[in-house]
Amino acid sequence: MSEQMEQPGEEVIASQVQHERIEQGSFALQQQEFMKKPAGFWIRFWAYLIDIIIVGAVSGLLVKPIFRVIDYPIKDPIFLLYSPYKLIMLVLFLAYFLLMTKFFSQTAGKMIMGIRVVKKSGEPLGWGSLLFREVVGRYISKTLLIPYLLVIFMPRKEALHDLFADTEVVHEQIYEKLVTAKTVRADESRQLQGDQTI
C-alpha cells in the first residue's frame with residue numbers, strides 16, 4: 001500500500017515541475033495568412049495595351065467619323081497642343097477607365113488578364129478615390145509614362161495612381177502565403193488552449 005501511495009505523489013511532483021518549466025519558457029507561434037497576389041508590371045502592361053486598343057477602336061468607329069462628316073481637321077492644335085479630337089479622346093480615355101473601374105473594379109483588359117483594382121483597406125471603391133486614381137493620377141502617368149515604372153520597384157506593385165488613391169491591382173485567382181511569427185508566453189499559451197477547448 002505504501003508503494004502505491006508514493007507513486008501518485010511522484011506524478012504530482014513531476015507535473016508541477018513540468019508546469020513550472022512551461023511558465024518560465026515561451027513559445028514561437030506561426031500564423032499563416034493568404035492574400036491575393038499583387039499584379040506585376042508585365043501583366044498590367046498587357047491589360048493596359050488591350051484597353052488602349054479598345055479605346056482606339058471606339059475612337060475609330062464613333063469619334064473619327066463624326067469629325068470627317070463635319071469636315072473638321074483631326075490634327076489642328078488650338079490649346080496646349082491638344083486639338084478638339086485629342087481632347088475628346090482624352091475625355092473618352094479617362095471616362096473609360098473611371099467608369100469601368102467604378103462599376104466592375106476592372107477594365108476589359110484587366111478582365112481578360114484576370115486582375116482587378118481593390119482598396120488596400122478592403123473598403124469598396126468610391127468615387128473620390130477613383131477620381132484621384134483614374135483621372136488625376138492616370139493623366140499624370142499617361143503624360144509622363146515614368147510613374148508607370150513604379151510598379152517594378154514598389155513592394156505591393158503600386159503605380160503612381162495607386163498611391164494617390166490607396167489602391168492596388170491584384171490577381172483574382174492567385175494567392176500568396178504570408179507567415180507571421182509571434183512569441184507567446186506560457187500563460188498566454190494556456191489561455192489560447194483554454195479558448196480553443198471551449
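The secondary structure of the chain comes to eight helices and three strands, where helices (H or I, at least four residues) and strands (E, at least two) are DSSP runs numbered from the N terminus. Read along the sequence, these elements follow the pattern α-β-α-α-α-β-α-α-α-β-α. This is a predicted model, in which local features need pLDDT of at least 70 and side-chain atom pairs count only at pLDDT 80 or more, while totals for chains, interfaces and linings use all residues. Residues are numbered from 1 along each chain as its sequence is written, and side-chain values use heavy atoms, with hydrogens and water left out.

Of the 198 residues of the chain, 30% count as buried; buried means under 20% relative accessible area, exposed means over 50%, and partly exposed lies in between (1.4 Å probe, protein chains only). The chain exposes about 13,400 Å², of which carbon and sulfur atoms supply 64%, with accessible areas taken from the Shrake-Rupley method with a 1.4 Å probe and, for residues, only the protein chains shown counting as cover. Among contacts (heavy atoms within 4.5 Å) with a separation of 6 or more, 72% are accounted for by residues 24 or more positions apart.

The spans of the two helices are set out below, the expected span being 1.5 Å times one less than the number of residues.

| Helix | Residues | Span, first to last C-alpha | Expected span |
|---|---|---|---|
| α2 | 29 residues | 40 Å | 42 Å |
| α3 | 21 residues | 30 Å | 30 Å |

In α2 there is a kink of about 40° centred on G60, the bend at a residue being the angle between axes fitted to the seven residues ending there and the seven starting there. An α-helix has 3.6 residues a turn, so residues three or four places apart point the same way. Just after α2, D71 takes a positive phi of about 55°.

In α3, the buried residues are P84, Y85, M89, L90, F93, L94, Y96, F97, L98, M100 and T101, and what covers them includes α2, α4 (108–113), β2 (115–119) and α5 (127–144). Leaving aside neighbours within four places in sequence, Y96 is in contact with D51, I54 and V55, and also with T107, A108 and G109.

### Positive phi in two loops

S105, in the loop between α3 and α4, has a positive phi of about 65° although it is not a glycine, and this residue is buried, with a relative accessible area of 18%. L145, in the loop between α5 and α6 (150–153), likewise has a positive phi of about 65° without being a glycine, but L145 counts as exposed at 54% relative accessibility.

H171 lies in strand β3 (residues 167–185) and counts as buried because its relative accessibility is 12%. Leaving aside neighbours within four places in sequence, H171 is in contact with K36, K37, P38, A39, I43, G114 and I115. I174 is also found in strand β3, yet this residue is partly exposed, with a relative accessible area of 40%. Not counting residues up to four places away in sequence, I174 touches M35, K36 and K37, and its C-alpha atom is separated by 8.8 Å from that of P38, 136 residues apart along the chain.

R133 is found in helix α5 and counts as buried, at 0% relative accessibility. A polar contact of 3.0 Å joins the side chains of R133 and T167; a polar contact is a pair of N or O atoms within 3.5 Å, of which, within protein, one must be able to donate a hydrogen and the other to accept it, and residues adjacent in sequence count only if both atoms are side-chain atoms. Leaving aside neighbours within four places in sequence, the contacts of R133 are R44, V117, R138, H161, D162, A165, T167 and V169.
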